[in-house]
Amino acid sequence: MAEEVVKVESRTVDPAEQQMLKRAQAEGIETIWDRADKMKPCPIGSEGACCRICSQGPCRVPPPKKAKPGEEQKKQAVGVCGATAETIVARNFARMVAAGSAAHTDHARGVAHLFKEVAHGRAPGYELKDAGKLRAIARDYDVPLSVGEGDDKKSRSKEEIAQDLAEKVLAEFGQQSGELVFSSKRAPKKRVELWRGLDVMPRGFDREVVEIMHRTHMGVDQDYKNIIHQCTRCAISDGWGGSMLATELQDVLFGTPVPVLGDSNLGVLKEDHVNVIIHGHEPLLPELINAASQDPEMLEYAKSKGAKGIQLAGICCSANEILMRHGIPVAANFLGQELAIITGAVDAMVVDVQCQFQALASLVKCFHTKLITTDERGRIEGETMYIPFDDHHGPEIARKVLKEAIDNFPNRRAPVIIPEQKYPCVVGFSMETIRYLLGGSIRGSYYTLNDNIIGGRVRGIGGVVGCNNVRTLHDNAHLSMVKELIKNDVVVLTTGCNAIACAKEGLLTPEAAIKYCGAGLAEVCETVGIPPVLHMGSCVDNARILLAAAACVRAGGLGNDISDLPAAGAAPEWMSEKAISIGHYFVSSGVYTIFSAAWPTTGSEILTDYLFHGLESELGGMWDFELDPVVAAQKMIAHIDKKRAALGIDK
Ligand code: SF4
Ligand code: MSK
């Protein structure tokens with residue numbers, strides 16, 4: 001029960017969500033904001049200065065208070081085993097990289113398994129949709145596209161190619177030595193040479209995660225720079241490995257996104273329809289739920305229960321996946337997951353993995369909503385239903401899930417209150433789409449984008465991504481940062497919950513160019529007919545941003561490496577370990593990357609200085625932190641200007 005009424009405007013900038021928070025307060029329903037008020041973060045833990053990796057601790061080593069004049073400065077404590085703050089903070093940071101990388105890579109594993117089953121014709125409901133992309137990946141993996149020689153030369157079927165490719169990609173998970181294919185073939189040549197010189201080329205997806213866990217066990221790696229070195233190798237295996245593989249194989253299976261119109265915010269729910277929320281990250285089952293929701297038999301069944309139809313809507317990155325491929329509306333980002341249920345209109349919330357509150361299980365008891373978990377790795381104690389997905393019975397499982405939602409439609413008991421806010425968005429800017437729209441076929445890929453950057457109409461590129469964080473005003477940092485960037489002619493590439501925040505604000509429409517952009521960027525957007533903020537997808541689709549950056553380098557005129565580009569990255573409301581892995585692979589790729597909301601290494605000034613300054617001389621990219629999102633945007637712009645000056649394209 002919420003104890004006191006807090007102004008909802010201090011919690012979220014989204015009027016639809018403010019309305020739902022007011023309902024929660026009026027009805028005594030607890031949300032994440034109420035729990036956050038009660039749970040004050042541990043100051044030592046939030047600095048990364050608490051070690052609990054052995055039972056002699058936990059050992060707390062926060063920086064000592066600055067001595068007053070005349071007092072002797074106290075030294076920073078060390079752990080019982082003598083571990084310094086640098087070691088302890090670096091170990092905690094490294095474990096975040098490992099967990100984040102593991103999440104993305106395990107996502108890729110599921111996709112790769114499905115891909116194999118589809119290739120062998122054992123996964124009904126799926127197909128190899130993008131044959132062009134399949135062949136492009138096969139070329140990278142040295143899978144032959146044809147057999148025979150001369151006149152006997154014969155193209156191989158896409159199934160034959162996919163069967164061989166599946167074996168090769170699955171082998172990379174347990175690979176012990178050598179290099180990952182995408183890391184060595186898709187990053188710019190100069191970057192690959194740099195990584196080889198630094199000995200940070202990843203060897204195998206699983207190996208890099210396991211090695212972080214070993215190195216950060218009690219009494220192993222106790223040299224902070226050496227720990228960060230392995231973070232770099234592991235993060236590259238995420239961005240230029242697991243995430244990239246998940247993205248690419250999903251495109252083969254479900255289609256490479258092209259621009260499509262969608263709707264966003266809680267107003268996408270419909271009172272007279274069966275509402276099904278898809279929440280999580282892996283689009284394997286959601287793809288089939290979407291297909292089943294259009295099945296005339298299912299629609300008839302919904303009508304037989306008194307509903308006019310079936311409305312799917314998404315939350316978090318499963319939302320981004322089905323939004324950009326099918327235009328399925330997105331209801332909310334991370335912090336809106338409880339608020340969607342509080343409408344009273346959600347008949348089922350279907351979850352898979354990552355970013356789902358355990359609190360959903362108790363919240364659904366206040367309403368009629370069925371919380372359906374679908375992944376054996378992601379059960380929730382007290383869930384109302386578990387319908388496990390498996391590759392071999394996809395359509396059947398999708399229909400079963402939908403049937404549960406339809407059967408639940410007549411059980412609505414709380415008054416349905418659906419906010420009216422609903423905004424259109426244009427999404428689906430895969431790397432290929434951007435290349436097509438901004439490249440042109442005559443002068444080659446990205447030539448026109450590069451031309452615009454060189455000519456100064458576009459000042460640079462900002463990748464703004466990542467989560468919501470209940471410790472900040474919901475969506476405020478996302479929107480303030482993005483608006484500051486586009487006002488200053490920086491085109492924004494977005495994914496994850498930032499993309500959803502931008503959709504809800506109307507920033508993903510071509511009209512936003514007139515309202516919010518500087519003259520140069522507005523001119524480009526109007527000419528090409530694109531929004532100034534380009535939705536590139538989900539969390540794993542941050543790999544698309546890497547590929548776009550590599551394509552810009554290849555197109556010429558902007559240096560030889562990603563670190564030469566006038567570009568910067570940010571996660572203004574980050575909260576998850578995945579964000580740290582993503583941030584570190586951007587840094588490792590040569591990108592200046594700034595986070596807001598919180599920074600997890602302030603427990604060691606030396607380590608923080610190494611991440612913020614020391615890494616630049618090694619990797620060309622570095623971390624930064626700034627609480628104020630507008631100031632953070634200005635720092636990104638300053639970095640972009642520094643790179644422009646180095647390229648001699650200063651205005
Ligand atoms: Fe303390 Fe060392 Fe054990 Fe960490 S590893 S809990 S610093 S004794
Ligand atoms: S969903 S990881 S809150 S972006 Fe990918 Fe949003 Fe962050 Fe989850």
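These notebook entries record what I looked up in a predicted model.

**Conventions.** I number residues from 1 along each chain as its sequence is written, and I letter chains from A and number ligands from 1 in the order in which they are written. Because the model is predicted, I take local features only at pLDDT of at least 70 and side-chain atom pairs only at pLDDT 80 or more, while totals for chains, interfaces and linings use all residues, and side-chain values use heavy atoms, with hydrogens and water left out.

**Entry 1: ligand 1.** I looked up the shell of ligand 1 and found 13 residues, the closest being C51, C54, C59, C81 and M218; a residue belongs if one of its heavy atoms lies within 4 Å. I sorted this shell into nine nonpolar, three polar and one charged residue. Here Ala, Val, Leu, Ile, Met, Phe, Trp, Tyr, Cys and Pro count as nonpolar, Asp, Glu, Lys and Arg as charged, and the others, Gly among them, as polar. The space that ligand 1 takes is the second largest cavity. A cavity is a set of points, on a 1 Å grid over the protein atoms alone, where a 1.4 Å probe fits but cannot get out; a molecule sits in it if more than half of its atoms lie within 2 Å of its grid points.

**Entry 2: the loop at P58.** I noted a cis peptide bond between G57 and P58, with omega about -5 degrees. P58 belongs to the loop between β1 (50-51) and β2 (59-60); strands are DSSP runs of E with at least two residues, helices runs of H or I with at least four, numbered from the N terminus.

**Entry 3: E208.** I located E208 in helix α9 (residues 205-215). E208 counts as buried because its relative accessibility is 0%; buried means under 20% relative accessible area, exposed over 50%, and partly exposed in between, with a 1.4 Å probe and protein chains only. Its side chain makes a polar contact of 3.1 Å with that of Q230. Such a contact is a pair of N or O atoms within 3.5 Å; within protein, one must be able to donate a hydrogen and the other to accept it, and residues adjacent in sequence count only if both atoms are side-chain atoms. Beyond four places in sequence, E208 touches P202, R203, Q230, R233, C234 and S237, contact meaning heavy atoms within 4.5 Å.

**Entry 4: ligand 2 and C355.** I counted 13 residues around ligand 2, of which H281, C317, C355, C497 and C539 come nearest. Helices α13 (316-326) and α20 (496-504) are the elements that give two or more residues to this shell. The shell divides into eight nonpolar, four polar and one charged. I placed C355 in the loop between β9 (346-351) and α15 (360-363). The C-alpha atoms of C355 and C317 are separated by 9.1 Å, at 38 residues apart along the chain.

**Entry 5: M349.** I found M349 in strand β9, buried at a relative accessible area of 0%. Its contacts beyond four places in sequence include I277, H279, I315 and Q337.

**Entry 6: positive phi.** I checked two residues other than glycine. D142, with phi about 55 degrees, lies in the loop between α5 (131-140) and β3 (146-147) and is exposed at 55%. N265, with phi near 95 degrees, lies in the loop between β5 (260-264) and β6 (274-280) and is buried at 1%.

Definitions and conventions
On a 1 Å grid over the protein atoms alone, a cavity is a set of points where a 1.4 Å probe fits but cannot get out, and a pocket is an open set with protein on both sides within 12 Å along at least five of seven lines; lining residues have an atom within 4 Å of a point.
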